[in-house]
Amino acid sequence: MDADLIIIGAGPGGLTAAQYGARSNLSVLVLEQLAHGGQALLIDALENYPGIAPGKTGFQFADDLHRQAVDFGARFLSEAALGLSKEGDAFTVTLGNGETRQAPAIIMATGAKHRKLGIPGEEEFYGRGVSYCATCDGPFFKNKKIFVVGGGDSACVEALFLSRLSDKIVHIHRRDRFRAQKSLADQVLKNPHIQVRFNLTMKEILGQGGKLQSVILRATNNKGEEEGPPLDAEDADGVFIFTGTIPQSSLVNGEGPLKAELDEGGYIITDEKMASSIPGLYAVGDVRTTPFRQVVTAAADGAVAAHWAAAYIDELRGEAY
């Protein structure tokens, strides 16, 4: 075996798992194809992490997590995990360079990607007016005009959160009604700080000098299909997009040798130990089914998963836990 525990992904969940796994005297190998930190690297100021005041940048926070994991003995390898299989009690990870690594336990910390609108200005103003997380970035937009895009549960929950910070919330959805739970939709519709505008899509995000300034909308019919020319530009200070996320669970979705139990959105279903339906495979953070996705919850997932992965390995070795 190349390690006791292989962690795929080095966001907050994976880095915390690496630290706790190494502290449990496991040989830990972390695979990350990009920089350690994951989406936390995009956070300008981590203001709501318990015990960190004043807030650090996401980069500083991730760097601290990485240093702690290394100090406890975790090893890191900059490679993509392209395949995952299991034979007996051994998992085999196929790397981007064609090599393989083996371990008796795996923690999936591969995260999820925000589903983007794919419109002009979205990438340019990401982190400078465009956001996919109200609890992360909402406080930067107090008393400002904010557009919320989306019609599901997440969009409604986040719009309600933002309505505590500003009375100038414009919530748009491409159809003529929300698809969110009725109770959530009703709360949004009755909120005096939220102006709901159905049958609209966002076509472009505009700004100058690195600052978002306005948006261009377009009308749709009742089927959500765009119709007519784009409308005149409207002033905006922020755009919060909640059109879903895409879990990075392809290693265990059945396209390869392994298939874990997934929910209808493709997220890995786990128990309270972060264990998946495949013995020895754990999942943490945004890739697993969870009602709340934050840095602090991902870190907690990582600690729990590493603890129970260590117990699982002890059982394989016949050691008393």
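Which residues does L5 touch, not counting residues up to four places away in sequence? Select L5 to begin: L26, S27, V28, L29, A103, A105, I106, I107 and A309 are in contact with L5, contact being heavy atoms within 4.5 Å.

The model is predicted, so local features need pLDDT of at least 70, side-chain atom pairs count only at pLDDT 80 or more, and totals for chains, interfaces and linings use all residues. Residues are numbered from 1 along each chain as its sequence is written, and side-chain values use heavy atoms, with hydrogens and water left out.

Next, display the largest nonpolar core, which has 34 residues, with L5, I7, V28 and I107 touching the most other members. Such a core is a set of buried Ala, Val, Leu, Ile, Met, Phe, Trp, Tyr and Cys residues joined through side-chain atoms within 4.5 Å; buried means under 20% relative accessible area with a 1.4 Å probe, protein chains only. Colour helix 6 (295-317), one of the elements that supply at least two residues; helix 6 gives the most, with 8 residues. Helices are DSSP runs of H or I of at least four residues, and strands are E runs of at least two, numbered from the N terminus. Apart from this core lies another, of 21 residues, including L84, F91, M108 and L281.

Move on to the open sheet of 3 strands, ordered 13-14-15 with antiparallel pairing; two strands pair if DSSP finds at least two bridges between them. Its edge strands are strand 13 (200-208) and strand 15 (234-235). Strand 13 pairs with strand 14 (211-219) over 8 bridges, and I205 has V215 as its bridge partner in strand 14.

Key:
Buried means under 20% relative accessible area, exposed over 50%, partly exposed in between (1.4 Å probe, protein chains only).
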